[in-house]
Amino acid sequence: MKRTIAPTVSAPSANVSWLRDAADFARKALAITAKDIRVEMRTRELFSSMFVFALIVSVLFNYTLDLKPTQAHDVAAGLLWIVFAFTGVLGLNRIVVAERDAGTLQALLVAPVDRAALFVGKWLSAVVFILITQAINVPLFALFANLPFANLLALLPVFVLGTFGFAAIGIMFSAIAANTRMREVLLPILLLPLVLPVLLASIELTASALAGQPLDSQRQWLSLLVAYDIIFIVVGLLTFETITQED
């Protein structure tokens, strides 16, 4: 008697399914970021205001303060991050609020897109705009303050890590403040106290880099910055749906 063996149909493995979901998530998040960049390239409203504000404040700081060589690195690091903190608040306020005023944020919220992907897309948009502003203003600041240009490349990982955490926290609070009448005032009040560890760690690392010291010499601040970034990116992924629920 011949034994018949029924053909078996293998189900997609869990790894393949997970990779497909991750690819779809990344595609939607990058589509939102690309949309924000295209809009900014057409209007140039957000980047122009951030760049001009950062440039004016940098010039005022450098011509107002007489930086002694012994304290130039520490003071310059603090001034740089003060400039970028207030510039970032200005940019974050516009990234969400401008879309809400134009009515496009509501369209994004009702679209078949996971709110976590919306958070990542907006977070990446903020990171791109802030980093471009920093890339242009840091050399100008270094020129005005007579800082060593040879050490500017060492600032790249510091500004990337600092911007990651700042933008993650900022996008969450920008979405919260967008629903209020005094959103321009409420956002810095909510954001700046919580982002203070990011600023402190970034200032210490920036001062070390400007002084020519390797980042490994400030491992405690580097670890704090990385941990803070991871925590608030995860918090944003988990809570952004609740934050935007009322929309």
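Predicted model: local features only at pLDDT ≥ 70, side-chain atom pairs only at ≥ 80, totals over all residues.

In which sense, left-handed or right-handed, does α6 pass α9? The crossing of α6 past α9 is left-handed.

In general, two packed helices are described by the angle between their axes and the distance between the axes. Helix α6 covers residues 156-177 and helix α9 covers residues 219-243. Their axes cross at roughly 25° and come within 9 Å. An angle under 35 degrees counts as roughly parallel, and α6 and α9 are therefore roughly parallel to each other.

On the α6 side, the contact is made by V158, L161, G162, F164, G165, A168, I169, I171, M172, A175 and I176. From α9, the contributors include L222, L225, V226, Y228, D229, F232 and I233. Further along α9, V235, G236, T239, F240 and I243 also take part. By class, the residues of this contact between α6 and α9 comprise 18 nonpolar, four polar and one charged.

Helix α2 runs over residues 45-64, and α5 spans 115-145. The two pack at an angle of about 25°, and their axes lie 10 Å apart. That angle makes α2 roughly parallel to α5. The crossing of α2 and α5 is right-handed.

Which residues of α2 meet α5? They are L46, F47, M50, F51, A54, L55, S58, V59 and N62. Their partners in α5 are F129, I130, I132, T133, I136, N137, L140, F141, F144 and A145. This contact of α2 with α5 divides into 15 nonpolar and four polar residues, with no charged ones.

Next, the empty space in the model. Rolling a probe the size of a water molecule over the atoms shows where such space is left. I begin with the second largest pocket, whose volume is about 190 Å³. Lining this pocket are L131, Q134, A135, V138, P139, L152, L153, L155, L156, F159 and V160. Both α5 and α6 supply at least two residues of the lining, and the largest share, five residues, comes from α5. The lining of this pocket has 10 nonpolar residues, one polar residue and no charged residues.

How many cavities of 30 Å³ or more does the structure hold? There are two. The second largest cavity has a volume of about 40 Å³. Its lining consists of W81, F84, A85, I130, Q134, T163, F166 and L199. The elements giving two or more residues to that lining are α3, which spans 72-102, together with α5 and α6. The largest share, three residues, comes from α3. By class, the lining of the second largest cavity divides into six nonpolar and two polar residues, with no charged ones.

Conventions:
Residues numbered from 1 in each chain as written. Heavy atoms only, no water. Axes fitted to C-alpha atoms, helices over the stretch in contact; angles between N-to-C directions. Helix = DSSP H or I, 4+ residues; strand = E, 2+ residues; numbered from the N terminus. Parallel < 35°, antiparallel > 145°, perpendicular 65-115°, else oblique. Left-handed = near helix turned anticlockwise from the far one by under 90°. Contact = heavy atoms within 4.5 Å. Nonpolar A, V, L, I, M, F, W, Y, C, P; charged D, E, K, R; others polar. 1 Å grid on protein atoms, 1.4 Å probe; cavity = no way out; pocket = protein on both sides within 12 Å on 5 of 7 lines; lining within 4 Å. Points joined across faces, edges and corners; volume = space filled by probe spheres on them.
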